Amino acid sequence: MKLHKGNLFWPANTENISLEIHNNFQTDTDVLVVGSGMSGALSAYELSKAGYKVTMIEENRIASGSSSANTGLIQYMSDQGVKKFAEQIGKEAAIRFYNQSKEAVNDLIAINEELISDKEDDFKTENSLILATEMKKASDVQEETKMQKEIGYDVKYLNYDQIADYNLKAYGGLLCGPDINLNPYAFVLRLLKTAVENYNLEIVEGVKFIKCEKINDENIVSLEIGGQKINKSYKKIVIATGYNPPNQFKKNLENVEIYKTYVSVTNKVEDKGYEDLLVWEVKDAYTYFKKTFDNRLMIGGFDEKSDTIKDKDVGKRDKDLEKGANSMLVEKYNIETNYSYTALFGISKDNLPYMGIDPENDDIFVICGVGGNGTVYSKIGATMATKWIKGESLEEYETYRLGR
């Protein structure tokens, strides 16, 4: 599955981060992590830091999939608010999910301080402003704000005039945080560099995972490397291959739907003197945007259900995205698109990620962080994988179970 097409911004604007990568296996390890995106990188980092001997494999190039196309608006809020989740899965489960998401954001902030090559222009904490740009959505945003206050979150509802103080316009807004403005491509590379240099993580590139079979209580993993098929044995396996998992695991992810999204990164804009925010519009079709670290607007949205990207998709929504961002601004920017790309992402039918122990082999843990909050789900998944390997209970994460 081709995950993106176009002129990606992050790989072209990330300072080189040297990383020790092999094209063959150098040592025998206990844990195999399959996939080098955000879920795989966070899992490999946390497991190797915890003292486990870990090998990560990647079929293509490190962080070349969704992580290189991720827009890096890392928010504890999901596409669906806690109030709506309470109606769907019950208030207790909804609050637990949102608390886990907030904890994941705080954990990412703490992890950033631990990583090699800590740079201010790769990672920054910022607040989010969720805007009701349609009058009919204002009451929904106000009710969401009320519920988040009731469960102890430091949030604020803003009216039209208060939003204008941020050079934005909408009928109502939910100001919340802390959230994260992130260069996801650099963050993955920094995670892996730190894990390799400090915790002996082994990374092998160009390895395809075929299947895993349990034979006489031993996990025999079939792999293909350099056109040659080999078998290796591991005590534990973490599958973190994103929206296109190995065939063996697809039956437990049947409710995942693939969508296509569009991204425009503009020219550098002048500083208008208002606070930097991660801006998300409550609307169909919605637009969201943030400022990059070099003062461009990174704008995304206009999602549509599709599992394929065509050449003509690149640039198809640039003008719509520019217009969508400017429609939320009081004082407009003079912008034009400099980087344009289209990417695929997954959504589950209940808007929750799939993460948990494989029903057919309790030595395999699967992370499929589908949804618009993938990086947060990747962190929750890495936490779950570490608890699983340590033999701790995962009862509080039952909402994410596979095959639901």
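**Entry 1. Histidine 22**

I looked up histidine 22 and found it in the loop between helix H1 (9-12) and strand S2 (31-34). Helices (H or I, at least four residues) and strands (E, at least two) are taken as DSSP runs, numbered from the N terminus. The model is a predicted one, in which local features need pLDDT of at least 70 and side-chain atom pairs count only at pLDDT 80 or more, while totals for chains, interfaces and linings use all residues. Residues are numbered from 1 along each chain as its sequence is written, and side-chain values use heavy atoms, with hydrogens and water left out.

The side chain of histidine 22 makes a polar contact with that of glutamate 20, at 3.3 Å. I take a polar contact as a pair of N or O atoms within 3.5 Å; within protein, one must be able to donate a hydrogen and the other to accept it, and residues adjacent in sequence count only if both atoms are side-chain atoms. Setting aside neighbours within four places in sequence, I list Glu202, Ile203, Val204 and Glu205 as in contact with histidine 22; contact means heavy atoms within 4.5 Å.

Is glutamate 46 buried or exposed? Glutamate 46, in helix H2 (residues 38-49), is buried, with a relative accessible area of 15%. The scale is under 20% relative accessible area for buried, over 50% for exposed and partly exposed in between (1.4 Å probe, protein chains only). Its side chain makes a polar contact with the side chain of lysine 379 at 2.8 Å. Not counting residues up to four places away in sequence, glutamate 46 touches Ile111, Lys379, Ala382, Thr383 and Thr386.

Glutamate 113 belongs to helix H5 (residues 91-114) and is exposed, at 58% relative accessible area. I also noted a separation of 10.0 Å between the C-alpha atoms of glutamate 113 and phenylalanine 123, which are ten residues apart along the chain.

Because 13 of the 16 residues are buried, H8 is largely enclosed by the rest of the structure. Asparagine 183 caps the N-terminal end of H8, with a side-chain oxygen 3.2 Å from the backbone nitrogen of tyrosine 185. Asparagine 200 follows H8 and has a positive phi, near 65 degrees.

In helix H9 (residues 318-327) I found Asp318, Leu321, Glu322, Gly324, Ala325 and Asn326 buried. Their cover includes S13, strand S15 (287-291), S16 and S17.

**Entry 2. Backbone geometry**

I found a cis peptide bond from glycine 177 to proline 178, with omega near 0 degrees; proline 178 is in strand S7 (residues 172-182). Aspartate 284 and alanine 285 are also joined by a cis peptide bond, with omega about -10 degrees; alanine 285 lies in the loop between S14 and S15.

Phenylalanine 302, not a glycine, has a positive phi of about 55 degrees. This phenylalanine is in strand S16 and is buried, at 17% relative accessible area. Asparagine 351, likewise not a glycine, has a positive phi of about 65 degrees. Asparagine 351 lies in the loop between S17 and strand S18 (354-358) and is partly exposed, at 26%.

**Entry 3. Pocket and cavity**

On a 1 Å grid over the protein atoms alone, a cavity is a set of points where a 1.4 Å probe fits but cannot get out; a pocket is an open set with protein on both sides within 12 Å along at least five of seven lines, and lining residues have an atom within 4 Å of a point. Grid points are joined across faces, edges and corners, and a volume is the space filled by probe spheres set on the points.

The second largest pocket has a volume of about 990 Å³. Its lining has 34 residues, with Asp79, Gln80, Gly81, Lys84 and Val282 nearest the centre. The largest share, five residues, comes from H6.

I counted three cavities of 30 Å³ or more. The largest cavity, of about 60 Å³, is lined by Gln100, Glu103, Ala104, Asp107, Ile380, Thr383 and Tyr397. H5 and helix H10 (374-389) each give two or more of these residues, and H5 has the largest share, four.
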